[in-house]
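Please open the model in your viewer and keep the sequence panel beside it.

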Amino acid sequence: MSEQSQITKAYELAREHFSRDGIDTEAVLGKLDTIPVSMHCWQGDDVKGFENPDGELTGGIQVSGNYPGRARTPDQLRADLDKAMSLIPGAKRLNLHALYLEADRKVERDAIEPKHFQRWVDWAKERGLGLDFNPSCFSHPKSADNRTLSHPDAGIRQFWIDHCKASRKVSEHFGRSLGTASVMNIWIPDGSKDYPFDRYGPREILKAALDEVIAEKISKEFHYDAVESKLFGIGAEAYTVGSNEFYLGYAATRGTMLCLDAGHFHPTEVVSDKLSAVFQYVDRVLLHVSRPMRWDSDHVVLFDDELQAIANELVRGGTLDRTAIGLDYFDASINRIAAWVIGMRNMRKALLKAMLEPAAKLKAAETSGDYALRMALFEEHKTSPWAAVWDHYCQSRNVPVGAAWFDVVKAYERDVLAKRES
Ligand SMILES: C[C@H](O)[C@H](O)[C@@H](O)C(=O)CO
Ligand SMILES: [Mn+2]
């Protein structure tokens with residue numbers, strides 16, 4: 001029997017298995033197809049961008065590793081994205097940072113315009129992709145002292161306010177051009193290395209600055225604002241202006257999205273437990289799915305317990321429609337395209353596995369207080385034939401099944417990446 005027929009046969013058995021719990025796997029796969037995952041452009045070039053690629057990465061985030069083949073031009077990055085996306089099933093978006101503009105001369109951040117991203121828009125349109133956006137408030141001389149939107153100097157602060165305002169115009173242009181709203185996430189590195197005297201003042205300034213940034217109404221048909229909290233950064237260990245409490249309050253009172261980055265909390269805290277809490281107060285959430293390793297290390301997303309717990313929460317809580325899922329990590333120590341593919345496939349795998357849970361039985365067991373049954377069902381689902389459904393999903397969506405995608409990445413590495421300057 002051919003491998004293709006084996007996959008189909010295994011799927012038919014799995015389909016029967018899940019139908020016994022009233023789950024229609026075809027309907028699940030149809031739904032899965034429609035859930036977009038936003039792939040972050042910055043995994044492809046170690047967060048360097050095209051404004052000043054030789055500049056230093058600042059803002060308390062770090063890329064480690066020196067694997068050859070990094071994209072050095074927008075065309076190279078787009079080619080790498082195409083290759084990665086061809087190996088990932090389901091709906092995808094691309095998440096761009098302002099650093100990835102294209103211009104024939106230097107454009108200051110407060111002067112970026114939609115035209116500097118038009119080639120990205122054309123590329124996305126040809127592929128039927130949505131675009132998301134981020135102002136880049138780091139890796140710049142004006143962010144050197146770890147203050148941007150909360151800067152005490154009104155001139156510097158205004159520069160960053162204007163950058164964020166200009167970014168909203170770019171984001172709106174994405175939404176208008178592509179017919180799908182762009183989510184624009186504001187993350188700033190503002191904080192301090194050691195204990196500050198004044199924790200209140202900078203937060204008061206930040207609140208006013210953000211209010212100025214979002215003052216102009218933009219239709220949600222085209223654009224959403226999101227704000228991303230953080231616990232600490234390198235060089236900002238003692239105090240982060242945009243903390244979780246700050247942004248939760250901001251999003252709840254201003255009606256913006258709240259961005260939860262899986263690496264931005266105390267190591268024993270998990271985003272999966274926060275979702276059902278914040279959804280009581282904010283309408284929409286942006287997820288930065290990442291993998292912290294002892295700190296906000298931005299490791300490649302694995303198919304691990306927390307990823308599954310995040311997906312379970314979105315499915316069980318019925319909040320998928322209120323969530324924008326994006327990835328956020330940057331690993332320069334391995335093939336960068338493989339890093340994208342692994343994380344993106346894992347995200348979708350976790351969503352699929354969550355959608356195949358015997359939800360009705362689990363709910364009934366919990367409601368009736370039969371916690372042993374609940375535990376048994378959880379445990380049995382771990383080894384249910386969900387992986388056969390995943391293989392069929394990949395096969396039927398014309399992307400490689402199993403690790404076959406890795407051969408494609410290796411061939412691309414040999415034929416394309418290895419020929420790039422080192
Ligand atoms: C480059 C990203 O915007 C950045 O990683 C941000 O989202 C973040 O998580 C900073 O720690
Ligand atoms: Mn993030």
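Helices (H or I, at least four residues) and strands (E, at least two) are taken here as DSSP runs, numbered from the N terminus. With that in mind, select Lys9, which lies in helix H1. This is a predicted model, in which local features need pLDDT of at least 70 and side-chain atom pairs count only at pLDDT 80 or more, while totals for chains, interfaces and linings use all residues. Residues are numbered from 1 along each chain as its sequence is written, chains are lettered from A and ligands numbered from 1 in the order in which they are written, and side-chain values use heavy atoms, with hydrogens and water left out.

**The whole chain**

Along the principal axes, its C-alpha atoms fill a box of roughly 65 × 55 × 40 Å. The radius of gyration (taken over C-alpha atoms, with a globule rule of 2.2 Å times the number of residues to the power 0.38) is 22 Å, which agrees with the value near 22 Å for a compact globule of 422 residues. Buried residues (under 20% relative accessible area, with exposed meaning over 50% and partly exposed in between, for a 1.4 Å probe and protein chains only) make up 54% of the 422 residues. Where contact means heavy atoms within 4.5 Å, 81% of the contacts between residues at least 6 apart in sequence join residues at least 24 apart.

Return to Lys9, which is partly exposed, with a relative accessible area of 48%.

**The manganese site**

Next, select the manganese ion (ligand 2) and its surroundings. Which residues are its protein donors? Donors are N, O and S atoms within 2.8 Å of the metal (3.2 Å for Na, K and Ca), and water is not among the atoms, so sites may look incomplete. The protein donors are Glu228 (OE), Asp261 (OD), His288 (ND1) and Asp328 (OD), lying 2.1 to 2.2 Å from the ion. The site is octahedral, with angles of 71 to 173 degrees among 6 donor atoms; six donors count as octahedral if opposite donors are over 155 degrees apart and all others between 65 and 115. Along the chain, the donors follow the spacing E-x32-D-x26-H-x39-D. Distant parts of the chain are linked here, since Glu228 belongs to strand S6 (residues 223–228) and Asp328 to the loop between strand S10 (323–327) and helix H10 (336–355), 100 residues apart. Both Glu228 and Asp328 are buried.

**The strands behind the donors**

Now colour strand S6, in which 6 of its 6 residues are buried. His223, Asp225 and Val227 point one way from the strand, and Tyr224, Ala226 and Glu228 the other way. Strands count as paired if DSSP finds at least two bridges between them, and S6 pairs in the parallel sense with strand S4 (residues 182–186) over 5 bridges. S6 is also joined to S8 by 3 parallel bridges, where the partner of Ala226 is Met257.

From strand S8 (residues 257–261), 4 bridges lead on to S9, again in parallel. Select Asp261 and you will find it opposite His288 in S9. In strand S9 (residues 285–289), Val285, Leu287 and Val289 point one way and Leu286 and His288 the other, and all are buried.

**Three further stops**

Select helix H13 (residues 386–396), which is largely enclosed by the rest of the structure because 8 of its 11 residues are buried. Among these buried residues are Trp386, Trp390 and Tyr393, and what covers the buried residues includes helix H1 (3–19), helix H2 (25–34), H10 and helix H12 (371–382).

Move to His163 in helix H5 (residues 154–178), which is buried, with a relative accessible area of 0%. Beyond its neighbours within four places in sequence, His163 is in contact with residues including Arg109, Asp110 and Cys137.

Finish at Gly69, in the loop between strand S1 (37–40) and helix H3 (74–85), which counts as buried at 6% relative accessibility. Not counting residues up to four places away in sequence, Gly69 touches Asp80, Arg336, Leu417 and Arg420.

Notes. Tetrahedral: all angles 85-135°; square planar, octahedral: opposite > 155°, others 65-115°.
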